[in-house]
Amino acid sequence: MDAKEHSSPAPQRTPAIHIRRISLADVGAALAAGLRDFGRAPLIGLFFGSIYAVGGIVIWLLLVVFHEPWWILPVAVGFPLLGPFVAAGLYDTSRRLSLGEPLRFGEILKVVLAQRQRQVGWMAFVVLFIFWMWLYQFRMLLAVFLGFKSFSSIEAFLTVVLTTPEGAGFLIAGTLVGAAISFMLFCATVVAIPLLLDREVDLVTAIMASFKAVLENPAPMIGFGLIVALLSFAALVPLFLGLLVVLPVLGYATWHLYTRVVDPAVS
C-alpha cells in the first residue's frame, strides 16, 4: 500500500496579519467613509445606536430610582467603552457595503448573534473586565479623596468636586486613571474586534495585532482614539440621544480604519 495513503493532510496555517503604516489622512478618510455609510444605511445605524441610547437612559433611571443619581457620571464614562463589541453589526454593515452585498437586516443580526460562538464572544469578557475595573477604580478614588460620602444629586457631587481641594485631587486622579484605562481598552479592541469578525483568528492574536497597530501608527491611531472619546462624550450631553448617530458613524469608521491598517487576508 502506498505510504501516501497513510499521510495526514498538512495543517492549515492562519495567514499572517500584516500591519500597514497609515497617516492622519487615512483617519480622515475612514471618518468620512463612516459618515457616508451612515447615510447609505441610516435605519441600521439608528437601530444599533439606539441600543446605547436606550441603555444609557435606563441606567440613568435606575440610578434615580435608587437615589444615587451622581453615579451616572462614572457609568456614563464607562458605558460607551462597551461600544466596540456591540458594534459588530455595524462592522458587518460596512463590510457588506464595501463589497456591494445587499443589506438584509436579518442576516446582519445573525452575524451579530453568531459571534457568541466565536472569539468575539470571549472579547466581551475582556471589555466587561476593563469596564468593571474602571468602576472599581472610581469607587476607590472616591473613598481616598472624598471619603464614603453620600450625594443626593449630581449638583451636590459636582459642587464638592469643583470647589474643594479634595475634589480637585479626585478629579485629576480620576481623569488620569480613566484615561489610562480607556487607552488600554482602545489599544486592545480598535483592530481586534473587526479582525475577529473578519477572520478566524484567536483572541490573543487579535489583541496583539491591535496593540501592534497602535504602536506602529501612534499619531493616527491615538488621534482616532481622541476623536472617538470627544465625540462619544459630546453625544452623552443630550441625555444619551447623540449616541443614536455618533456611535454608528464611529462604528462604521472603525471598520474602514481597520481595512486601511491591516492587509487583506491572502487565501
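Buried means under 20% relative accessible area, exposed means over 50%, and partly exposed lies in between (1.4 Å probe, protein chains only). The close-ups below come from a predicted model, in which local features need pLDDT of at least 70 and side-chain atom pairs count only at pLDDT 80 or more, while totals for chains, interfaces and linings use all residues. Residues are numbered from 1 along each chain as its sequence is written, and side-chain values use heavy atoms, with hydrogens and water left out.

**View A. Leu 43, Leu 46 and Val 245 make a nonpolar patch on the surface.** A patch is built from residues with over 30% relative accessible area and no salt bridge; like charges are joined within 9 Å, and nonpolar side chains (Val, Leu, Ile, Met, Phe, Trp, Tyr) within 5 Å. Look for Leu 46 in helix H2 (residues 42-65). Helices (H or I, at least four residues) and strands (E, at least two) are DSSP runs, numbered from the N terminus. Leu 46 counts as partly exposed because its relative accessibility is 33%.

**View B. Arg 260 and Asp 26 join their side chains in a salt bridge.** The N to O distance here is 2.7 Å; a salt bridge is a side-chain nitrogen of Lys or Arg within 4 Å of a carboxyl oxygen of Asp or Glu. Arg 260 sits in helix H13 (residues 243-261) and Asp 26 in helix H1 (residues 24-40), so the pair ties together parts that are 234 residues apart in sequence. Arg 260 is partly exposed at 34% relative accessible area, whereas Asp 26 is buried at 17%. Across the whole structure, a search finds 10 salt bridges.

**View C. Arg 96 pairs with Glu 107 in a salt bridge.** Their closest N and O atoms are 3.2 Å apart. The pair links distant parts of the chain, with Arg 96 in helix H5 (residues 88-99) and Glu 107 in helix H6 (residues 105-114), 11 residues apart. Arg 96 is buried, at 7% relative accessibility, while Glu 107 is partly exposed, at 32%.

**View D. Asp 198 meets Arg 199 in a salt bridge.** Here the N to O distance is 3.9 Å. Asp 198 is partly exposed, with 35% relative accessible area, and Arg 199 is buried, with 8% relative accessibility.

**View E. Asp 92, Arg 95, Arg 96, Glu 101, Arg 104 and Glu 107 belong to one network.** Salt bridges that share partners join these residues.

Notes
Areas by Shrake-Rupley, 256 points an atom, 1.4 Å probe, with all protein chains shown as cover.
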